[in-house]
Amino acid sequence: MIIKNLENKIKMVTIISLCCIAGCIIISISSMVTATNMVMDSHKKIYVLDGNVPVLVRRTSMEETREVEARSHIEMFHHYFFTLAPDDKYIKYTMEKAMYLVDETGLAQYNTLKEKGFYNNIMGTSAVFSIFCDSIKLDMDKMEFTYYGRQRIERRTSILMRQLVTAGQLKRVPRTDNNPHGMMIVNWRTMLNKDIEQRTKNSY
């Protein structure tokens, strides 16, 4: 009888010990997972000084911002390429900026316009060109885009509005100071460029 009671007690102690060990293992693993998640989460949080005030911001991955950067890259290129003033140094500056963002198809369009005297005409008529982006249709899976915008051409006596539609693809390239988004526009072409409104400027 005593031996039987002793065996039961040993079994009970064994079961309790195993339960304690299992509980310790579960608690240890849970603590490690929680600590790892907390460290990873803290690495995503960055404090930026706004004057003397620290502002908490959250770091995002490149994949999360890829579409935003693509849209910004497309809009930046069109701004540089189609914003023109009657100043040869300014035109040269904006064209150099634009050429860092596009492949040889952009350079080909620039050379064609230059050969036709387009930029000389801007100088001669004191025309000012501005571009307004209406929308950008973007397919990130195929890395293709269609840009919809309006171009405002202001001359001495008139203001002309033109509708502009261009298309192309994007490819990833290394980031540089001249290409901060790390993208290149390829196979770029103008799909539509037509007058939509013209009005005479008031003369005083």
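**Reading a predicted chain, feature by feature**

Author: From the N terminus on, the elements run α-β-β-α-α-α-α-β-β-β-β. This is a predicted model, where local features need pLDDT of at least 70 and side-chain atom pairs count only at pLDDT 80 or more, while totals for chains, interfaces and linings use all residues. Residues are numbered from 1 along each chain as its sequence is written, and side-chain values use heavy atoms, with hydrogens and water left out.

Reader: How many helices and strands does the chain have?

Author: Helices (H or I, at least four residues) and strands (E, at least two) are DSSP runs, numbered from the N terminus. Here the chain has five helices and six strands.

Reader: What share of the residues is buried?

Author: A residue is buried under 20% relative accessible area, exposed over 50%, and partly exposed in between (1.4 Å probe, protein chains only). Of the 204 residues in this chain, 27% are buried.

Reader: Which residues form a nonpolar patch on the surface?

Author: A patch takes residues with over 30% relative accessible area and no salt bridge, joining like charges within 9 Å and nonpolar side chains (Val, Leu, Ile, Met, Phe, Trp, Tyr) within 5 Å. A salt bridge means a side-chain nitrogen of Lys or Arg within 4 Å of a carboxyl oxygen of Asp or Glu. Areas come from the Shrake-Rupley method with a 1.4 Å probe; for residues, only the protein chains shown count as cover. The patch here consists of Leu-18, Ile-21, Ile-25, Ile-29 and Val-33, with about 470 Å² of accessible area together. One of them, Ile-21, sits in helix H1 (residues 2–43) and counts as partly exposed because its relative accessibility is 49%.

Reader: How many aromatic pairs does the structure hold?

Author: Rings of Phe, Tyr and Trp (its six-membered ring) pair if their centres lie within 6.5 Å; planes under 30 degrees apart are stacked, over 60 edge-to-face, and the rest tilted. This structure holds eight such pairs. Phe-81 and Phe-82 are edge-to-face, because their planes stand at 65 degrees, with the ring centres 5.1 Å apart. Phe-81 is buried at 2% relative accessible area, and Phe-82 is buried at 9%. Phe-118 and Phe-129 are also edge-to-face, 5.5 Å centre to centre with 75 degrees between the planes. Phe-118 lies in helix H5 (residues 118–125) and Phe-129 in strand S3 (residues 128–139), so this pair ties together parts 11 residues apart in sequence.

Reader: Which residues do ring pairs link into a cluster?

Author: The cluster holds Phe-77, Phe-81, Phe-82 and Trp-188.
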